[in-house]
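Here is a short briefing to read beside the model. Please take a look at the sequence and the fold, then follow the notes below.

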Amino acid sequence: MRYHGTVIRPPSEARSYILQVTYGCSHNRCTFCGTYLDKPFRVRPLEEALEDIELARQMLPHTRRVFLADGDALALSARRLIPILDALASAFPHLERVGIYANARNLLRKSAADLALLRRKNLGIVYLGLESGSDEVLRRVRKGATAAEMVEAVRKARAASMRTSVIGILGLGGPALSSAHAEATGRVVGQMDPEYFSMLSLMLVPGTELHRQWQAGEFQLMGPEAMLAELRHVIAHLDGLSHCIFRTNHASNYLPLAGALPQDKARLLATLDNALARGQSALRPESWRAL
Ligand code: SF4
C-alpha cells in the first residue's frame, strides 16, 4: 500500500483498509491540531486511488471495512467519491462499510440526495470532530464551525441513514471555560443524538498555535483530575440520546470508560465518582498517554 505523510484513523477503524483519497485537511486551522501541519490539503488523483484499490484487491481480498483518509475526505464532492466507492464495491465482495472523516462544511454543502446516494454506495459512517459544544471554545480554537452548524450536519448525515460518530476533547477550554465547555458539549451531543460519542483528553502538540499559547501563558492545561471532573460534567449533561455507544478508549485519556447511553449513565457517573475519590492511583500514568 502507498501512503503519503502521517495517516490517522479512528480507533474503531483499526482493522479497516485505509485508502487515502485526499491529503491533509481542507480546514487545517484548528489551534490544537498538528496532524497535517506539514501536509497541505490536496485531492489525490483518481487514477492513483484506483491503482491502490487494485493492489488492495490482490493483497486484502477479504476486506470488509474501508476507511477513506485523510482528515476530511468528505471534502470531495459526491461526483468524485462515487467512482471510488464503486471501485471498492467491485474489488471487495465482502465489503460491509466505508467510513470517512468529515467536518460540518463537508456535510452541509452536500444535498440530501447526494448523501443518500453515497449511503447507497456503502458510505456507512461519518466521524465528526465536534471538539466542544461551546461556541466560545470553538471560536478560540478556530474550529471553523459553530455548534449549531455541527448539529445540523450530524442530523443531515443521520437523515441519509449514515451512522455518526462524534468526538469531543476534554480540557480544550482550559480551566476558565471548563464548565461552559462541559455543559455545552453534553447538551449539543444530546441534540445530535449520534450512534457513537467519544472523548479524547487534550495533549499539546509542539508546533501548534495552542502549544505556543500555552508556552506564552495564554492557555492553561488542565490536570488529570480536573479533566476527569470535566468528563463527569459532560456525562451529567448528556440527555436526549436514543442509543449511543460512549467511549473514552483513546490512548490520550486518563480513564478508559465504555457504556451505552442513556442506560449506563448512572454507572458511568458512579465509576467517575469512584475514580475521583481515589485520585491519581485510579488513573493511567502520564507516560502511557499518546495521541
Ligand atoms: S482537528 Fe480536524 S478539522 Fe481541525 S485541523 Fe485537524 S484535521 Fe482539520
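Phenylalanine 197 is buried, with a relative accessible area of 1%; buried means under 20% relative accessible area, exposed over 50%, and partly exposed in between (1.4 Å probe, protein chains only). This is a predicted model, in which local features need pLDDT of at least 70 and side-chain atom pairs count only at pLDDT 80 or more, while totals for chains, interfaces and linings use all residues. Residues are numbered from 1 along each chain as its sequence is written, and side-chain values use heavy atoms, with hydrogens and water left out.

**Aromatic pairs**

- The structure holds 5 aromatic pairs; rings of Phe, Tyr and Trp (its six-membered ring) pair if their centres lie within 6.5 Å, and planes under 30 degrees apart count as stacked, over 60 as edge-to-face and the rest as tilted.
- One of them joins phenylalanine 67 and tyrosine 127 edge-to-face, at 5.8 Å centre to centre and 70 degrees between the planes.
- Phenylalanine 67 sits in strand β4 (residues 65-69) and tyrosine 127 in strand β6 (residues 123-131), so this pair ties together parts that are 60 residues apart in sequence. Helices (H or I, at least four residues) and strands (E, at least two) are DSSP runs, numbered from the N terminus.
- Both partners are buried: phenylalanine 67 has 0% relative accessibility, and tyrosine 127 has a relative accessible area of 2%.
- Phenylalanine 197 and phenylalanine 246 make a tilted pair, because their ring centres are 5.6 Å apart and their planes are at 40 degrees.
- That pair links distant parts of the chain, with phenylalanine 197 in strand β8 (residues 196-201) and phenylalanine 246 in strand β9 (residues 244-247), 49 residues apart.
- Phenylalanine 246 counts as buried too, at 0% relative accessibility.
- Ring pairs also link Phe67, Tyr101 and Tyr127 into a cluster.

**Nonpolar cores**

- The largest nonpolar core has 80 residues, and Leu68, Leu88 and Leu118 have the most contacts inside it. Such a core is a set of buried Ala, Val, Leu, Ile, Met, Phe, Trp, Tyr and Cys residues joined through side-chain atoms within 4.5 Å.
- Helix α2 (residues 78-91) gives the largest share of this core, 8 residues.
- A second, separate core has 8 residues, including Ile18, Phe67, Ile125 and Tyr127.
- Leaving out residues up to four places away in sequence, leucine 88 touches Tyr17, Leu19, Ile53, Val66, Leu68, Leu95 and Val98; contact means heavy atoms within 4.5 Å.

**Ligand shell and cysteines**

- Around the ligand are Cys25, Asn28, Arg29, Cys30, Phe32, Cys33, Tyr36 and Lys143, where a residue is near a molecule if one of its heavy atoms lies within 4 Å of it.
- By class, this shell has 5 nonpolar, 1 polar and 2 charged residues. Here Ala, Val, Leu, Ile, Met, Phe, Trp, Tyr, Cys and Pro count as nonpolar, Asp, Glu, Lys and Arg as charged, and the others, Gly among them, as polar.
- Cysteine 25 is buried at 16% relative accessibility, cysteine 30 is buried at 13%, and cysteine 33 is partly exposed at 23%.
- Cysteine 33 has its place in the loop between β2 (22-23) and β3 (42-43).
- A search of the whole structure finds 0 disulfides, a disulfide being a pair of cysteine sulfur atoms within 2.5 Å.

**Arginine 158**

- Arginine 158 lies in helix α6 (residues 147-159) and is partly exposed, with a relative accessible area of 31%.
- Not counting residues up to four places away in sequence, arginine 158 touches Thr164, Met192, Asp193, Pro194 and Glu195.
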